[in-house]
Amino acid sequence: MRAGTIFYSSSQPEIFAGSEEPPVPVDSWREEYPDYLLNEQSVIIDPAPALNVLTVGSVARHDATYDSQRYPEIHQLSPASENQPSPFTRHGPSVKGALKPDLVAHGGNLACPIEFNSQQWRTDMRGLGVLTMNYQFQGNTLYKEISGTSFSAPYITHLAGRLLNEYPKASADLLRAMLVNHASLPPEVESTFPEEMREGYKSQSSTYNREISRDVGGYGRVNEGDLFRSSDQCVVLMCEETIEKDSCQFYELPLPSSYLRKARGLRELSVTLAYSPAVRTTRLDYVATQISYRLVRGKSLDEVQAFFNKDRQKDAEARNDDATPNRDISAQLRGRGTVQSSKWTFKQRNPLEKWFVVVIRQDREWNHQDVLESEPYALVVTVADRDNEHAQLYAEIRTKLELQLQARDEAKQRAVLSSN
């Protein structure tokens with residue numbers, strides 16, 4: 001089955017409303033937060049685990065209800081503070097450990113009284129939710145405030161629509177790659193879980209070496225600031241291509257020497273790939289085609305291509321990213337999904353370096369019509385040098401790209417002349 005990208009909330013029905021058999025939470029939403037976020041009852045459920053869609057979880061925007069703001073003595077307290085996971089959001093991972101939800105957005109919060117007296121289910125969301133249209137507006141107000149992951153997902157859909165206005169010919173894969181490429185995990189999500197809980201989660205056999213914050217928050221919240229256009233300090237590169245079965249494609253990143261300078265200063269490099277392979281729910285291998293990427297450093301394109309040639313395909317499978325200490329998500333973890341992203345942070349580089357993105361396709365023999373000879377994918381790279389007040393990244397990268405295109409055209413002309 002092959003379909004376009006759809007934007008789902010991370011739970012269906014809209015929120016994790018607790019469980020009575022077994023009781024989750026046992027006594028109090030507030031006191032047992034964030035433990036129940038990882039409970040089996042709060043796992044993402046269909047259709048949210050689907051790999052070829054964007055799944056959206058929820059984080060809180062406010063932590064005080066209307067009543068508690070007006071009458072502090074009421075003592076209605078929220079489990080989650082600003083930008084922490086909403087108490088009703090659900091957690092991943094998805095198929096074979098793929099990151100889910102992919103993104104999070106503001107979806108609301110809840111509050112409960114200190115004196116719950118065995119009434120832990122009596123919660124209040126007034127003042128904590130998202131403003132939306134009231135479907136029962138006749139005789140009521142035009143707008144209504146509601147909390148739920150079903151109100152964080154439409155925000156991501158809104159961003160996708162704005163992107164489509166900027167790039168009318170963009171595919172669903174490019175929209176998905178752009179959104180995830182500009183996402184980052186809020187520090188509040190990571191700090192929600194105590195260190196002891198994080199270490200215990202990593203050591204369990206079922207979640208070995210996984211991060212709680214990633215299984216709850218995915219790639220994080222989308223930063224709108226750089227999403228729609230490049231600037232002198234942040235440049236977005238994108239392409240849509242197809243790749244043949246069991247092959248590799250190579251992209252030399254046009255990083256200027258000013259970006260690769262030896263002088264210290266924080267720089268970021270984000271790489272995101274998205275594709276929509278054929279899937280079958282009746283097979284152990286859920287996806288027919290595996291496309292992944294590696295960010296590598298090399299002296300030249302020929303050197304990198306030689307390493308990834310077909311005779312050394314098994315070595316290519318094992319080849320890791322370069323600069324792994326600077327990376328936020330491992331190649332193994334991101335590669336389990338069909339939208340894959342990692343961010344590198346550099347403080348010091350070498351102007352003589354050359355960096356390449358290698359896209360790798362590996363196929364499983366399904367012999368099915370939905371498995372394409374040339375599989376489409378989208379690749380997005382963001383180059384950011386925010387600490388450099390004098391950065392001219394856009395002009396410098398554009399010049400390097402023009403020189404690369406000129407050299408390529410000259411090489412083609414020489415090839416035509418030599419064949420004649």
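On a 1 Å grid laid over the protein atoms alone, a pocket is an open set of points with protein on both sides within 12 Å along at least five of seven lines, a cavity is a set where a 1.4 Å probe fits but cannot get out, and lining residues are those with an atom within 4 Å of a point. The model examined here is predicted, so local features need pLDDT of at least 70 and side-chain atom pairs count only at pLDDT 80 or more, while totals for chains, interfaces and linings use all residues. Residues are numbered from 1 along each chain as its sequence is written, and side-chain values use heavy atoms, with hydrogens and water left out.

Pocket first. The largest pocket has a volume of about 680 Å³, a volume being the space filled by probe spheres set on grid points that are joined across faces, edges and corners. Its lining is made of 18 residues, and Tyr 251, Glu 252, Leu 401, Gln 404 and Arg 408 lie nearest the centre. Two or more lining residues come from each of strand 12 (234-244), strand 13 (248-252), helix 7 (301-307), strand 18 (374-384) and helix 10 (393-419); helices (H or I, at least four residues) and strands (E, at least two) are DSSP runs numbered from the N terminus. Strand 12 is the top contributor to this lining, with 5 residues. By class, the lining splits into 13 nonpolar, 2 polar and 3 charged residues, where nonpolar covers Ala, Val, Leu, Ile, Met, Phe, Trp, Tyr, Cys and Pro, charged covers Asp, Glu, Lys and Arg, and polar covers the others, Gly among them.

As for cavities, a search of the whole structure turns up 1 of 30 Å³ or more. The largest cavity has a volume of about 60 Å³. Its lining includes Leu 51, Tyr 219 and Lys 100, along with Arg 334 and Arg 336. In total, 6 nonpolar, 2 polar and 4 charged residues line this cavity.

Next comes burial, where buried means under 20% relative accessible area, exposed over 50%, and partly exposed in between (1.4 Å probe, protein chains only). Helix 3 (residues 172-181) has 9 of its 10 residues buried, so it is largely enclosed by the rest of the structure. Charged Asp 173 and Arg 176 are among the buried residues of this helix, as are Leu 174, Leu 175 and Met 178. Out on the surface, Leu 131, Met 133, Leu 142 and Tyr 143 make up a nonpolar patch with about 450 Å² of accessible area together. Patch members have over 30% relative accessible area and no salt bridge, with nonpolar side chains (Val, Leu, Ile, Met, Phe, Trp, Tyr) joined within 5 Å and like charges within 9 Å; the areas come from the Shrake-Rupley method with a 1.4 Å probe, and for residues only the protein chains shown count as cover. Tyr 143 belongs to strand 9 (residues 143-146) and is partly exposed, at 46% relative accessible area.

Most residues other than glycine have a negative phi, and most peptide bonds are trans. The bond from Glu 21 to Pro 22, however, is cis, with omega near 0 degrees, and Pro 22 sits in the loop between strand 2 (19-20) and strand 3 (23-24). Tyr 33 and Pro 34 are also joined by a cis peptide bond, with omega about 10 degrees. Phi is positive at Asn 83, near 70 degrees, and this residue is buried at 9% relative accessibility. Ala 323 has a phi near 60 degrees and is likewise buried, at 16%.

Finally, the structure holds 18 salt bridges, each a side-chain nitrogen of Lys or Arg within 4 Å of a carboxyl oxygen of Asp or Glu. Arg 229 pairs with Glu 166, their closest N and O atoms being 3.1 Å apart. Arg 229 lies in the loop between strand 11 (221-222) and strand 12, and Glu 166 in helix 2 (residues 153-166), so the pair ties together parts that are 63 residues apart in sequence. Asp 328 bridges to Arg 214 at 3.5 Å between the closest N and O atoms; these two link parts 114 residues apart in sequence. Asp 328 is partly exposed at 40%, whereas Arg 214 is buried at 11%. Within helix 10, Arg 398 and Glu 402 are 4 residues apart, about one helical turn, and they also form a salt bridge. Shared partners join Asp 226, Glu 268 and Arg 386 into one salt-bridge network.
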